[in-house]
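Please keep the model open while reading, and follow each point on it.

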Amino acid sequence: MEYVNPEGLRLDGRRPMEMRQLRAEIGVVSRADGSASFEMGNTKVIAAVYGPREVQNRSQQMNDQALVRCEYSMANFSTGDRRRKTKGDRRSTEISLVIRQTMEACILTHLMPRSQIDIYVQVLQADGGTRSACINAATLALADAGIPMRDLVTSCSAGYLNSTPLLDLNYLEDSAGGADVTVGILPKLDKVTLLQMDAKLPMDIFENVMQLAVEGCKAVESHIREILLENAQTLVIRQGYGS
Amino acid sequence: MRGIRLSFSNTQKLRLEKALAQLESLSSKLNSNATVIVADKIPVDEDAALKGHGTLEMGNDVVASVCGVVERVNKLVYVRPLRARYKPEIGDIIVGRVIEVAPKRWRLEINFSQDAVLMLSSMNLPDGIQRRRTAVDELNMRSIFVENDVICAEVRGFQHDGSLHLQARSQKYGKLERGKLLKIPPYLVKRRKQHFHHLDQYGVDLIFGCNGLIWIGEHVDVKDAMVEDQVNKSDPQNTHSSSLPGSSEEPTDTPLERRQYICRIANAITVFSALGFMVNLDSVMETVTLSLSLNLGVHEMLEAEFHVLVAEQEAERRSTSTRRK
């Protein structure tokens, strides 16, 4: 199948290095300490953060740092064919773990000993790149909850089809069977916290694809920062500092 | 904005925007560039600056680790978070809920990262006598507080193991009954000299817990209860005959009017927290008076129109207070 046509356009009309439209909103769950929704094109996820709060399972309590937990789930209506998914299937367990480890790397857990932070992410619409969207949503929700972090983790995926590196794959491109590289970075520190790839790629091509994904992460970062700053300024005005 | 999920009509939307723009113009003069978000660089004049909460050293720079406002006190630079859970300080007055009765202590949920502990030995027993707590007292703990009771107490301090201890060594602390508990974000409650308020005209008690839990209840006269207790003790025959309606044991009904006042105050605070304004006694009372003067029903306070009115009133209040300065 042709994923990039001779004019250099992809199936959904994007250029190979073009991202889907990003949209983010903060404060979508009223009872949570922090929450956000994040959209990349047709992929839409929602994240809620609770905590730091008392550890539910005493035996997991740590005296020098906070416990970070994460639960990933997909809504039944999120995919094309509606099906009931069991909660603890392999895929969601794996993604939960990936998100947890990525977020743990940037949260300053040592500042909140003997407590736990719960991150719940749910996919409302799946159209490829749910992993990245979940990480971005979780970052926003954590920042909204006022949890101290080293940096804002952002994530983006890239792939390689028809011998072209493609940024931000959608579902069709994702299921084409080509390589799918998901990268998560700490933009200010310039460090990689997540790197996943299924399928194989030659080394030199892999480097190109990864570079593309890193560029995507930086684009996501600038978008997230804008949203966060805007939100912070509204809060400052509402609370009325300086008046 | 968070919390507001109402359908505004077009004029209401415009009026709300206008009020908020007025607020913006009032506050933007002072700190437009003091707002930082995670990993933003904080300009520091010298190397000798002290790095406080919410900051992080990254290479040679000082960066923020939370979203907030940069504050500087002499050499200290810190970031005050805009949204966070409650962070206790010694002497804070808090409202919490009992979640467990444990040996010699109660555990309270207070919206902090851990549960707080109220020791049996750090509270005055209802009989008011200072004495050692015996095993009998320990067995009777459930007669004082049981699970799910709402309690008001004071932060005593942190223990060596990091747990938070509370105390309730006065008649004004203790179980809260016959009223309404409201949960708002803790950053909307400022620490003040006075957190207990008795609103005489409504016969209502208002407690602003520093942890964002607010109690609005029927007024209980603490001192009178003590006097009455003493009277009761002095001549036990008399109690049976005359003073039943006044005694604290008697579950008299709260009059309907007072219940409506309680709900009115609660709704005023709800509107304030939905709009994200700081909650304090004066502004809440102003809002209650506003709703009364407009003859609004209690439920009508939660509608879009009243949100707009409150926003306009707040803009007005802040602009007059800045003009006075």
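1. Which residues in helix 6 of chain B meet which residues in helix 7 of chain B? From helix 6 of chain B come Arg264(B), Ile265(B), Ala268(B), Ile269(B), Val271(B) and Phe272(B), and in helix 7 of chain B they meet Ser283(B), Val284(B), Thr287(B), Val288(B) and Ser291(B); two residues are in contact if their C-beta atoms, placed from the backbone, lie within 7 Å. By class, this contact has 7 nonpolar, 3 polar and 1 charged residues, where Ala, Val, Leu, Ile, Met, Phe, Trp, Tyr, Cys and Pro count as nonpolar, Asp, Glu, Lys and Arg as charged, and the others, Gly among them, as polar.

2. Before going further, please note that this is a predicted model, in which local features need pLDDT of at least 70 and side-chain atom pairs count only at pLDDT 80 or more, while totals for chains, interfaces and linings use all residues. Residues are numbered from 1 along each chain as its sequence is written, and chains are lettered from A and ligands numbered from 1 in the order in which they are written.

3. Two packed helices are described by the angle between their axes and the distance between the axes. For helix 6 (residues 256-275) and helix 7 (residues 281-293) of chain B, the axes come within 9 Å and cross at roughly 115°. Axes here are lines fitted to C-alpha atoms, for helices over the stretch in contact, with angles from 0 to 180 degrees between N-to-C directions; helices (H or I, at least four residues) and strands (E, at least two) are DSSP runs, numbered from the N terminus.

4. Chain B is divided into domain 1 (85-175) and domain 2 (179-235 + 254-325), with bounds from an automatic or database domain assignment. Taken over C-alpha atoms, the centres of these two domains of chain B are 25 Å apart, and 14 residues of domain 1 of chain B are in contact with 14 residues of domain 2 of chain B. On the domain 1 side, strand 8 (93-102) and strand 11 (150-158) of chain B each give two or more residues, and strand 8 of chain B gives the most, with 4 residues.

5. The contact between the chains takes 34 residues from chain B and 36 residues from chain A. On the chain B side, helix 1 (10-27) and helix 8 (304-324) are the elements that give two or more residues, and helix 1 of chain B gives the most, with 4 residues.
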